[in-house]
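I open this notebook to record what I looked up, entry by entry.

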Amino acid sequence: MDFNFTETQGMLRDTLHRYLADTYDFDKRAAMLKRDGGRDPGVWTALATELGILGAALPEAYGGFGGGPIDTMVLMEEFGRALSVEPYVPTVVLGAGALVETGGAVAEALVPGIIGGEVIIGAGFYEPQGRYNLADIKTTAKKDGAGWVLNGHKAVVVAAPFATHLLVSARTGGSQREAGGVSLFLIDASTKGLVRRDYPCVDGTLASELYFENASVPADALLGAEGGALPLINKLADHAAVAQCAEATGAMKKLHELTLDYAKQRKQFGKAIGDFQVIQHRLVDMFMEAEQAQSMTLMGTLRLDDPNREKWVSQAKAKINKGARALGQWAVQTHGGIGITTELAAGHYFKRLTIVETQFGDLDYHLGRLEALI
Amino acid sequence: MDLAFSPEEIAFRDEVRAFIAENYPAELRGKQDEGEELGKAEFLAWHKILAKKGGWSAPAWPTQYGGPGWTATQRYIFSEESARAETIPPLPFGINMVGPVIYTFGTPEQKAQHLPGILAGDVWWCQGYSEPGAGSDLASLRTKAERITEDGKDYYIVNGQKTWTTLAQHADWGFFLVRTDATAKQQEGISFLLIDMKSPGITVKPIITLGGEHEVNEVWLDNVKVPVENRVYEENKGWTCAKFLLAHERTGIAGVARSKRGIEKLKAIAKAEQDGSGQSLLANPFFRRKVAELETDLTALEFTELRTLAGEASGKGPGPESSLLKVKGTEIQQRITELVLEAAGNYAAPYFREFPEGSNEYPIGPEFAHRSAPTYFNMRKTSIYGGSNEIQRNIIAKMVLGL
């Protein structure tokens, strides 16, 4: 057994940490979110070119470093710690993940672009009626000559407003919640008949509703086997869930540190509030949640190739969803009034942790999956 | 012991219900409970209508000051009916806070000057208590009031900073705790002042909270001149008023009737949403159980409040037990917002700051979802304000358990 990071992974962490500590400092982040378009596209470009880290987890055949989920974990924890709004999960974990799995000319054309920062992908796996069920799909793709015509509605597609491509599930067969008949498409964002409704999210990220209105896409938009994509989609969503666990871990640790600092500095009744036992115990509870989040992130990451992957991923996400909510609420409560303002970082971490809970399966979804697996 | 309402009480309930149905402005219906931010006129509209109906704006006030002279049961019925109809309740700062302080401790002049305006909803009050350095430890407040005489009249010159001042941006008057004796022990050097918010030297600065709301403010006081006759009760005895007010603030804070309504709405939301397997979210056993637990907690709170009300009816003032109502009441209010957030699922994330006026465009996702996260964030305040829940537990430990 060896839980140590390789030297490369250690460097990866340090490089990204240093870069984000500066780029995502509290005021700079706030200014970034207020820009036209709601983000600074230069940051993503810098991650690709100056830092050269977007290929860390991707195969060498495509120009990556040949790493894997552990590298993603290292990066995501830093993204979480910095409260980044960068589209690593949709673009690299899901987008590149889908392309690498399905291979072929499209992958060869696009994965290097992802690593280079020019290709950004938004992933739409969920629909308004389906909650977290990845098979609950009403969007259809019908054969039309050599290509396909898509119709339907994809919900809350993160990064879609600025994506170059969109990765979406659609039915080429089967009924609404059937496992069979699900296909995966990667389509150009400028496709005619694709209507986007863009909006900011409460955590500072950007997303869209995607409406397909007779959107014609070429034959090579189909990734993998027609009608057989659900296992791949499930796998990708599990990889994304674990990546978000890592992000949440970084955010939880940072929020705990911020709260601990605050409790040491804030004085009431003539002493630091951290001198009161009720506050001490709460800070200890927060610490224990953050530590367990770290453990579960590691466990989930190391078991992504395990035959019981679904069980391990759901355990990780369930534990972290629960811990993130408790830790976030305790952080706000310990800060008092200032914790619910936009003036301190703590509140912003609380917001992001809240939204992490609602993405790629909430607590009930993952507990439900676990119950079914017992 | 009898749980049933008497025929008179049932008649009263019907009267209240009919009055609300006939008089509540249609354009205000459901507004606050949707989590929308309200303007000044919207906050006051229903208050003004209630005031004209024999002081219904101030259910707990004695008749001599214009209150309706209701029994505890009638007040309970009124609050139930108001919640049921989702009315915008009169703001607490005048009616529940400074009003009772003025009629309990104020001079005849103060009563004559202020109580009618509070009752009628003509004057908007705000609360100047917390300071950046004085939150839970309120008695450590440092805003200073020094006495001067000018042209034969006595004034306080007030300097300092208050914070978390709710809706001060609309306020005409504020009630402030200030330090009038820096040498006395903490609680003994504080006075209770009524300050005209238009006084020179007052600056109100917004604080933006996590949902993007402008609900609270900083209030800066820079050499603000306040006539000495605006002090309520004796100099350096303001803590007596403060304690009295905090106990009153806590009684209404349980929010049982509003939470009942909140759970009804939660159930309606969950019934309309699907759980991903084709059934409604309300039929989903995990979600359903959470609703059942929440309803159970609310019933426990309701009957605890009823016992407190019965105690009040037999002449006992609100005591330290009301801290229990505050803690459990706010936990339930927060839990409702958690479950609404869960019901929103993926649609918790989209952020709709502005709901376009007159727009027919449907918001993204189900309608309830667009305020679910901001409301969840915002309601974290309830376990912090009005004496944090930690402080409430301290009160129970000390005053009830003798620890």
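Predicted model: local features only at pLDDT ≥ 70, side-chain atom pairs only at ≥ 80, totals over all residues.

Residues are numbered from 1 along each chain as its sequence is written, and chains are lettered from A and ligands numbered from 1 in the order in which they are written.

**Domains.** I looked up the domain assignment of chain A, which gives domain 1 (7-89 + 107-117), domain 2 (122-228) and domain 3 (231-373); such bounds come from an automatic or database assignment. I find 30 Å between the C-alpha centres of domain 2 and domain 3 of chain A. Ten residues from each of these two domains of chain A take part in their contact (C-beta atoms, placed from the backbone, within 7 Å).

**Annotations.** In UniProt, an unreviewed entry places "domain: Acyl-CoA dehydrogenase/oxidase N-terminal" on residues 6-103 of chain A; annotations may be inferred rather than shown by experiment. I find this span to be 64% helix and 0% strand (DSSP runs: helices H or I, at least four residues; strands E, at least two). The UniProt annotation "domain: Acyl-CoA dehydrogenase/oxidase C-terminal", also from an unreviewed entry, covers residues 233-367 of chain A. I find 78% helix and 3% strand there, with the end C-alpha atoms 19 Å apart.

**Chains.** I looked up the contact between chains, which takes 35 residues from chain B and 39 residues from chain A. On the chain B side, H10(B) supplies the largest share, four residues.
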